[in-house]
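Work through the exercises below with the structure open. Each task is followed by a stepwise solution.

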Amino acid sequence: MSPLFNKYNSVVRNTHGWNVELSCTQCAQSGQPRYEGWSPDLSVNVSGHPTIYAKLACPKCGRRLTEEAGRKLVELFKDVAIPEQNRKIIKAFIAGLIIVPFMFATLLFVGVQFGWWGYSAFAILALSAALIQPLVMRMNYRIGRLRSRCACGQPDYIFMGLLGRTYCYRCSSCGRLLRLRD
Ligand SMILES: [Zn+2]
Ligand SMILES: [Zn+2]
């Protein structure tokens, strides 16, 4: 793998985990739950549309704390605003999505005028499609970079789950909450 690809991955990759206290509804134990890795398909029956990936258990009675975690995620993040930089990155991405096909449509039009249509139409369409993927990667990279900064100077963002379509992070160093979307 190329260093560029590794760098991309390290910026974009989420660090799964859970770093806030929960109360067990079975035995009333309160504290840091036991983290047992994560799973892509834990479902939560809690209003507010949280999605929890962390496999959490009560350290005392062993109860699975997915619903407790879902409620906690909603409580913590429901009023956290998406940063302005995140909104700008999405706007730039959408502008790119509009501009790239427009550029190629213009090229295609010029191509037709000069009679290159037969040769170049396929190449132009393929190029247009191939440019979408780098646009998506660029957006993901720029959003990922937002997690490399924190006011505390020691950014260590743990991915706690989704709230609707937004990604919820908490800095382990200082407790700052960060909500991002792509
Ligand atoms: Zn318990
Ligand atoms: Zn921090």
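**Exercise 1. The sheet**

Task: find the residue that stands opposite Gly161 in β7, then build up the sheet around that pair.

Solution. 
Step 1. Gly161 faces Cys168 of β7. Strands here are DSSP runs of E with at least two residues, helices are runs of H or I with at least four residues, and both are numbered from the N terminus.
Step 2. The model is predicted: local features need pLDDT of at least 70, side-chain atom pairs count only at pLDDT 80 or more, and totals for chains, interfaces and linings use all residues. Residues are numbered from 1 along each chain as its sequence is written, while chains are lettered from A and ligands numbered from 1 in the order in which they are written.
Step 3. Six bridges link β6 and β7 in the antiparallel sense. Two strands pair if DSSP finds at least two bridges between them.
Step 4. β7 and β8 also run antiparallel, joined by four bridges. Here Tyr167 has Leu180 in β8 as its bridge partner.
Step 5. Now inspect the connection. β7 and β8 make a hairpin with five residues between them. In its turn, Gly175 has a positive phi of about 85°.
Step 6. Assemble the order. The open sheet has four strands, β4-β6-β7-β8, with antiparallel pairing. β4 and β8 are the edge strands, each pairing on one side only.

**Exercise 2. The helix on the sheet**

Task: describe α2 and state which strands of the sheet α2 touches.

Solution. 
Step 1. α2 covers residues 66-77, twelve residues in total. From first to last C-alpha, α2 reaches 16 Å, close to the expected 16 Å. That expected span is 1.5 Å times one less than the number of residues.
Step 2. List the buried residues of α2: Thr66, Glu68, Ala69, Gly70, Lys72, Leu73 and Phe77. A residue is buried if 20 or more other C-beta atoms lie within 10 Å of its own, exposed if 12 or fewer, and partly exposed in between, with C-beta atoms placed from the backbone.
Step 3. Find the cover. The elements over these residues include β1 (22-23), β5 (54-57) and β6 (157-163).
Step 4. α2 packs on the sheet and touches β4, β6, β7 and β8. Its direction makes about 100° with that of β6. Axes are lines fitted to C-alpha atoms, for helices over the stretch in contact, and angles run from 0 to 180 degrees between N-to-C directions.

**Exercise 3. Two residues**

Task: is Trp18 buried or exposed? Classify Cys171 in turn.

Solution. 
Step 1. Trp18 sits in the loop between α1 and β1. Trp18 is buried because 25 other C-beta atoms lie within 10 Å.
Step 2. Beyond four places in sequence, Trp18 touches Pro33, Tyr35, Ala54, Leu56, Ala69 and Met160. Contact means C-beta atoms, placed from the backbone, within 7 Å.
Step 3. Cys171 belongs to strand β7. Cys171 has 19 C-beta neighbours inside 10 Å, so Cys171 counts as partly exposed.
Step 4. Its contacts, leaving aside neighbours within four places in sequence, include Cys150, Cys152 and Tyr157. Tyr157 is 14 residues from Cys171 in sequence, yet the C-alpha atoms are 4.2 Å apart.

Key
Two residues are in contact if their C-beta atoms, placed from the backbone, lie within 7 Å.
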